[in-house]
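Here is a short briefing on one protein model. Read it alongside the sequence and the coordinates.

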Amino acid sequence: MLQRNKEWAAKVQNEQPEFFANSAKGQSPKILWIGCSDSRVPAEHIVQCAPGDLFVHRNVANLCLHTDMNCLSVLQYAVDVLKVEHIIVCGHYGCGGVKAATANQFNGLIDSWLCNIKDVYRANQMHLDAVKDANARQDLLVELNVGNTVHNVCHSPIVQAAWERQQPLAVHAWCYGLEDGLIRELGLVISKKDQVEAVYKMEVLDKTASTKASEAK
């Protein structure tokens, strides 16, 4: 791997002499990619992006949980500092995490993580149980899990605050096919606060106004 790295660096230096110098100055990606840790779904590779094009966060089964400080820290940095304009949640068919969540087997610590996918199944059980083919049912759960992550991202105060200050930001649901290498758009794109369910909407206070009000008191 180290040898291949040297070969790659030499090739890039030869083809784009300014690449590493420019890269060292900073990053300005317009896209945050939230994907699965699966080794078969490398974000930059499957969409042919160069280093610096994507800000990437990956975990088992592409989840965004309201208690996951790792994911939320990535989300905040991407939105507040990098000012990304798109967040892509990309799951993949044949996801091992989704399969394990419905296998009713003991896997250890990861079962606590997978319980979040079980919650997605429970919330959509009638719809899922109506699908008789096991593979098709797994594929549907993969898609529903991606959709749930999209909604969780949009429910976060980080994203809602960005919309409140009129920052352009859209969250997309995608799913990658291991068998053909193609990405499917799942028809879910949320780009404004009006699309968020009422119970999750937050009124983001103007800090300046709040401070002035406190001083006046």
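**Cys-95 and the annotated site**

Cys-95 touches Cys-36, Ala-61 and Val-142, leaving out residues up to four places away in sequence. The model is predicted.

*Cys-95*

- Cys-95 sits in the loop between β3 (86-92) and α5 (96-101).
- Its relative accessibility is 2%, so Cys-95 counts as buried, because the cut-off for buried is under 20%.

*The UniProt binding site*

- An unreviewed UniProt entry places the feature "binding site" at Cys-36, Asp-38, His-92 and Cys-95.
- Why can these positions be said to gather at one spot? They span 60 residues in sequence, yet no two of their C-alpha atoms are more than 9.0 Å apart, so they do gather.
- From this set, Cys-95 belongs to the lining of the largest pocket.

*Cys-36*

- Cys-36 lies in strand β1 (residues 31-36).
- Is Cys-36 buried or exposed? Cys-36 counts as buried, at 6% relative accessibility.
- Residues up to four places away in sequence aside, Cys-36 touches Val-41, Arg-58, Asn-59, Val-60, Ala-61, Asn-62, Cys-90, His-92 and Cys-95.
- Two of these contacts, His-92 and Cys-95, are also named in the UniProt feature.

*Aromatic pairs*

- How many aromatic pairs does the structure hold? There are 4.
- One of them joins Phe-19 and Phe-20, with 5.2 Å centre to centre and 85° between the planes. This pair is edge-to-face, because its angle is over 60 degrees.
- Phe-19 is buried, at a relative accessible area of 16%. Phe-20 is partly exposed, at 28%.
- Another of the pairs is formed by Phe-55 and Tyr-77, which lie 5.7 Å apart centre to centre with 40° between the planes. That geometry is tilted.
- The Phe-55 and Tyr-77 pair links distant parts of the chain. Phe-55 is in strand β2 (residues 54-59), and Tyr-77 is in helix α4 (residues 69-81), 22 residues apart.
- Phe-55 counts as buried, at 16% relative accessibility. Tyr-77 counts as partly exposed, at 36%.
- Ring pairs also link Trp-8, Phe-19 and Phe-20 into a cluster.

*Crossing of α6 and α8*

- At what angle do the axes of α6 and α8 cross? Helix α6 (residues 110-123) and helix α8 (residues 134-155) have axes that cross at roughly 105° and come within 10 Å.
- Helix α6 is therefore roughly perpendicular to α8, because angles of 65 to 115 degrees count as such.
- On the α6 side, the contact is made by Ile-117, Val-120 and Tyr-121. On the α8 side, Arg-137, Leu-141, Leu-144, Asn-145 and Asn-148 take part.

*Lys-193*

- Where is Lys-193 found? Lys-193 is in the loop between β5 (183-190) and α10 (207-216).
- Lys-193 counts as buried, at 14% relative accessibility.
- Neighbours within four places in sequence aside, Lys-193 is in contact with Gln-160, Trp-163, Glu-164, Lys-201, Met-202, Glu-203 and Val-204.

Technical notes
Residues numbered from 1 in each chain as written. Predicted model: local features only at pLDDT ≥ 70, side-chain atom pairs only at ≥ 80, totals over all residues. Heavy atoms only, no water. Phe/Tyr/Trp six-rings, centres within 6.5 Å; stacked < 30°, edge-to-face > 60°. Buried < 20%, exposed > 50% of the residue type's maximum accessible area, 1.4 Å probe, protein only. Helix = DSSP H or I, 4+ residues; strand = E, 2+ residues; numbered from the N terminus. UniProt positions renumbered as here; feature names shortened; annotations may be inferred. 1 Å grid on protein atoms, 1.4 Å probe; cavity = no way out; pocket = protein on both sides within 12 Å on 5 of 7 lines; lining within 4 Å. Contact = heavy atoms within 4.5 Å. Axes fitted to C-alpha atoms, helices over the stretch in contact; angles between N-to-C directions. Parallel < 35°, antiparallel > 145°, perpendicular 65-115°, else oblique.
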